[in-house]
Amino acid sequence: MRAEVVGASGVRIGVRIDGERHAPALVFVHGWAQSARAWDTQFADPELRERFRLIAPDLRGHGGSEAPEGGYGDPATWAADLAAVLELAGGDAVVVGWSYGGLVITDYLRTHGTRGLAGIAFVGAITEIGKGRPGGRVGPAMADALPAALSDDLGVALPALTALAEGMAHRPVPGEFSQALLGASLAVPPRVRRALFRRDVDSADVLAAVDVPVLVVHGTDDAVVDVTAGEYTAGKIAGVSARWWPGVGHLPFVESAREFDTTLRRFAEQAFESVLGRAER
């Protein structure tokens, strides 16, 4: 099912939804130049679908959402967009951020704190961006793709985006999934691809203030977001649960789908139990 919410400055945000309205919600936030389709494997998992309401927005400028001219460099904009999506949860949600989605979550935390959140899962995620920011350190696949992947010239951008899509996984993934990743990247206007990199964000204080359960999952062979970015995030948050998966790249939710879905389900169940415990005190 598809829905639509209104984000910052009236921008329409497309949202993918599955599951019972009153079930606890998992909100999945995709990465740079991708879409809600990145979470197809999770939306097909019968245990996740039975236990939770699954919600996945297309970030502004991506997928089925509007692509306004501006707003991509303002943390408050991303925070407002995610807040509008979280309203669909009908209560505290566990939010899952992959890659650039982790930065969107820190934008939300910077503005709203942990209000509306039962827990946070950072998956192959950055939480900072800018030269020398340890929480945003990229791997060789992303470094090699830039700046060509940001070009208006298709002849320049296409080979870079193709190589990036091919370099995301360390373990084999279905060919149709890799092609879907490439298609999603090409569907994002080059001006939006560029705008998301024109930011300088330090999130150390934001991460240190997190007071809900946090899960960090990162493949040790991630060639897009370096594993040290995940280690940085985990090191800033008290009581974090971290999973470092050997032989896994930037797509742990596809490369190790069963293990990922089981890990996420258990984490989310514990996070929602903590919410109930706090409410009963």
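Helices (H or I, at least four residues) and strands (E, at least two) are DSSP runs, numbered from the N terminus. With that in hand, welcome to the protein shown above. It is a predicted model, in which local features need pLDDT of at least 70, side-chain atom pairs count only at pLDDT 80 or more, and totals for chains, interfaces and linings use all residues. Residues are numbered from 1 along each chain as its sequence is written, and side-chain values use heavy atoms, with hydrogens and water left out.

## The whole protein

The secondary structure comes to twelve helices and eight strands. Along the principal axes, the C-alpha atoms fill a box of roughly 60 × 45 × 35 Å.

Buried means under 20% relative accessible area, exposed means over 50%, and partly exposed is in between (1.4 Å probe, protein chains only). By this rule, 55% of the 281 residues of the protein count as buried. The protein exposes about 11500 Å², and carbon and sulfur atoms supply 50% of that area; accessible areas come from the Shrake-Rupley method with a 1.4 Å probe, and for residues only the protein chains shown count as cover.

A contact means heavy atoms within 4.5 Å. Among the contacts with a separation of 6 or more, 77% are accounted for by residues 24 or more positions apart.

For charges, Lys and Arg count as positive and Asp and Glu as negative, while His and the chain ends are not counted. The place of a charge is taken as NZ of Lys, CZ of Arg, CG of Asp or CD of Glu. The protein has 27 positive and 35 negative charges, and their mean positions are 2 Å apart.

## The nonpolar core

A nonpolar core is a set of buried Ala, Val, Leu, Ile, Met, Phe, Trp, Tyr and Cys residues joined through side-chain atoms within 4.5 Å. The largest one here has 98 residues, and Leu 26, Trp 32 and Ile 120 are those with the most contacts inside it. Helix H12 (residues 257-280) gives the most to this core, with seven residues.

Leaving out residues up to four places away in sequence, Ile 120 touches Val 95, Ile 105, Leu 109, Val 210, Val 212, Pro 213, Val 214, Leu 215 and Phe 267.

## Loops worth a visit

Ser 9 is found in the loop between strand E1 (2-6) and strand E2 (12-18). Its phi is near 60°, a positive value in a residue other than glycine. Ser 9 is exposed because its relative accessible area is 78%.

Ala 33 sits in the loop between strand E3 (25-29) and H1. Phi of Ala 33 is near 55°, again a positive value in a residue other than glycine. With a relative accessible area of 0%, Ala 33 is buried.

Gly 19 belongs to the loop between E2 and E3 and counts as partly exposed, at 34% relative accessibility. Apart from neighbours within four places in sequence, Gly 19 is in contact with Arg 49, Phe 52 and Arg 53.

Ser 65 lies in the loop between strand E4 (53-57) and helix H3 (75-86). At 10% relative accessibility, Ser 65 counts as buried. Beyond residues up to four places away in sequence, Ser 65 touches Arg 12, Ile 13, Gly 14, Asp 58, Leu 59 and Arg 60.

Asp 45 lies between helix H1 (40-43) and helix H2 (46-51), in a loop. Asp 45 is buried, with a relative accessible area of 16%.

Pro 147 is in the loop between helix H5 (140-145) and helix H6 (154-167). The peptide bond from Leu 146 to Pro 147 is cis, with omega near 5°.

## Two helix residues

Ser 178 has its place in helix H7 (residues 175-187). Not counting residues up to four places away in sequence, Ser 178 touches Ala 165 and Val 173. Ala 195 is in helix H8 (residues 190-195) and is buried, with a relative accessible area of 12%.

## Distances between residue pairs

The table sets sequence separation beside C-alpha to C-alpha distance.

| Pair | Apart in sequence | Apart in space |
|---|---|---|
| Asp 45 and Ala 257 | 212 residues | 9.2 Å |
| Ser 178 and Leu 54 | 124 residues | 22 Å |
| Ala 195 and Tyr 72 | 123 residues | 6.0 Å |
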